[in-house]
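Subject: Structure handover and notes

Hello,

Please find the structure below. My notes on what was found in it follow.

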Amino acid sequence: MAAGCVIGVDLGGTKLLAGVVDARLRVHHRVVRRSREGRDPDALLDAIVAAVQEARVAAEDEIAAVGFGIPSLVDQRTGMAATTVHLPLQDIAFRDLMAERLGVPVVVDNDATLAMLAEHRAGAARGVGTAALLTLGTGIGGGLVADGRLVHGASGAAGEWGHMVVDLNGPRCPCGNVGCLEALVSGSALGRNGLRVARETPDSGLGRALSQGREITGMLVAELAHDGDASARDVIALMGTYLGVGLANMVNILNPEVVAIGGGLIGVGELLLEPARRVVAERALAPSRDQVRILPTRFGDASGMMGAAMLAMDLLRP
Ligand SMILES: [Zn+2]
């Protein structure tokens, strides 16, 4: 392996993905960890360091820098995690702490911003002037490129598409509001809607799964839908409709050339995207609705990791 590899780390709400990446964006090794450290920041930081060290050992060569995408607003001046919802990183000097413990230069930014960076530099939105990205997982992450540049906003909080209200009387969102896109389109929403359908229609595929004692999670709904079960497909199509409402708003506001959709939920692919595109065609205004391409991310659920690696490589350039 050529020298000058970096490690990109995407620290999700429930999953850590670390990859050894070279300058040609080849991934040499991956480490995946479920985050089960609860609310103890020290345990979480120890687990992160252990995962990076494991990737480093597997790399069999010098690692020149490490980039982190974290689910938090990040103060770019200090590398501090400013506010976090899904992990206990609040007010932690993340960049300096990691640089000290890993002994290499470290760079950190918001996970979804980095996913946008990766897709804009080398993925679904490559070469595009205006693009947005949503990562659908535990929650919704968002990124934005305007006039070819990443947009951070006044304090790094731009692009929070997940907290766009799409149903005034909708379900409660983790942010405390009701009817946010994230409350309607996420892995947990998929499980919740799947359970409702299972209870209402005992003779459906989901109903039978429930009566067999299976736990109705988002993962199970995705699995049943993949196998062709109509009830599970309906649940995903309804979610795609809500996604489409959110996307129609974004399309009207931004007039983007590409909206890239990634994260763990994108595994269901066209089952989700097809109804979303239909709603955009019905509700967004011309000419924006005709210009926009709604695409899955090139790097799948690894966009954040690739963006973190690209940012780490930027550190090495003179
Ligand atoms: Zn919200």
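At 43% relative accessibility, cysteine 175 counts as partly exposed, where buried means under 20% relative accessible area, exposed over 50% and partly exposed in between, computed with a 1.4 Å probe on protein chains only. Before the rest, two notes on conventions. This is a predicted model in which local features need pLDDT of at least 70 and side-chain atom pairs count only at pLDDT 80 or more, while totals for chains, interfaces and linings use all residues. Residues are numbered from 1 along each chain as its sequence is written, and side-chain values use heavy atoms, with hydrogens and water left out.

Zinc site

Cys175 is one of the protein donors of the zinc ion; the list is His163 (ND1), Cys173 (SG), Cys175 (SG) and Cys180 (SG), at 2.1 to 2.4 Å from the metal. Donors are N, O and S atoms within 2.8 Å of the metal (3.2 Å for Na, K and Ca); water is not among the atoms, so sites may look incomplete. The four donor atoms make angles of 106 to 121 degrees, and the site is tetrahedral (for four donors, all angles between 85 and 135 degrees). The spacing of the donor residues in sequence is H-x9-C-x1-C-x4-C. Histidine 163 and cysteine 175 both lie in the loop between strand S10 (149-150) and helix H4 (181-184), so the pair ties together parts that are 12 residues apart in sequence. Helices (H or I, at least four residues) and strands (E, at least two) are DSSP runs, numbered from the N terminus. Histidine 163 is partly exposed, at 29% relative accessible area.

Sheet

An open sheet of five strands has the order S10-S9-S8-S11-S12, with mixed pairing; two strands pair if DSSP finds at least two bridges between them. S10 and strand S12 (293-296) are the edge strands, each pairing on one side only. Strand S8 (residues 131-136) and S9 run antiparallel and are joined by six bridges. They form a hairpin with three residues between them, and alanine 132 has leucine 144 in S9 as its bridge partner. Strand S9 (residues 140-146) is mostly covered, with six of its seven residues buried.

S9 also pairs with S10, in the antiparallel sense and over two bridges. Alanine 146 has arginine 149 in S10 as its bridge partner, and valine 145 stands opposite leucine 150 in S10. Two residues lie between the strands in the hairpin of S9 and S10, where aspartate 147 takes a positive phi near 50 degrees.

Nonpolar cores

A nonpolar core here is a set of buried Ala, Val, Leu, Ile, Met, Phe, Trp, Tyr and Cys residues joined through side-chain atoms within 4.5 Å. The largest has 45 residues, of which Leu134, Leu136, Leu243, Leu247 and Ile261 touch the most other members. Helix H8 (residues 230-254) supplies the largest share of this core, 10 residues. Apart from it lies another core, of 31 residues, including Cys5, Val9, Ala55 and Ala81.

Leucine 136 is in contact (heavy atoms within 4.5 Å) with Val185, Leu243, Ile261, Gly262, Gly263, Gly264, Leu265 and Leu272, leaving aside neighbours within four places in sequence.

Individual residues in helices and strands

Serine 231 lies in helix H8 and counts as buried at 10% relative accessibility. Not counting residues up to four places away in sequence, serine 231 touches Val197, Ser204, Gly205 and Leu206. Threonine 113, in helix H3 (residues 111-122), is buried at 7% relative accessibility. With its neighbours within four places in sequence left aside, threonine 113 is in contact with Gly142, Leu150 and His152. Valine 20 is found in strand S2 (residues 15-21) and is buried, with a relative accessible area of 0%. Its C-alpha atom is separated by 27 Å from that of aspartate 40, 20 residues apart along the chain.

Aromatic pair

Rings of Phe, Tyr and Trp (its six-membered ring) pair if their centres lie within 6.5 Å; planes under 30 degrees apart count as stacked, over 60 as edge-to-face and the rest as tilted. By this rule the count is one aromatic pair. Phenylalanine 68 and phenylalanine 94 form it, edge-to-face, at 5.1 Å centre to centre and 85 degrees between the planes. Phenylalanine 68 lies in strand S4 (residues 63-70) and phenylalanine 94 in helix H2 (residues 94-102), so the pair ties together parts that are 26 residues apart in sequence. Both phenylalanine 68 and phenylalanine 94 are buried.

Regards

Technical notes: Four donors count as tetrahedral if all angles lie between 85 and 135 degrees; four count as square planar and six as octahedral if opposite donors are over 155 degrees apart and all others between 65 and 115; anything else is irregular.
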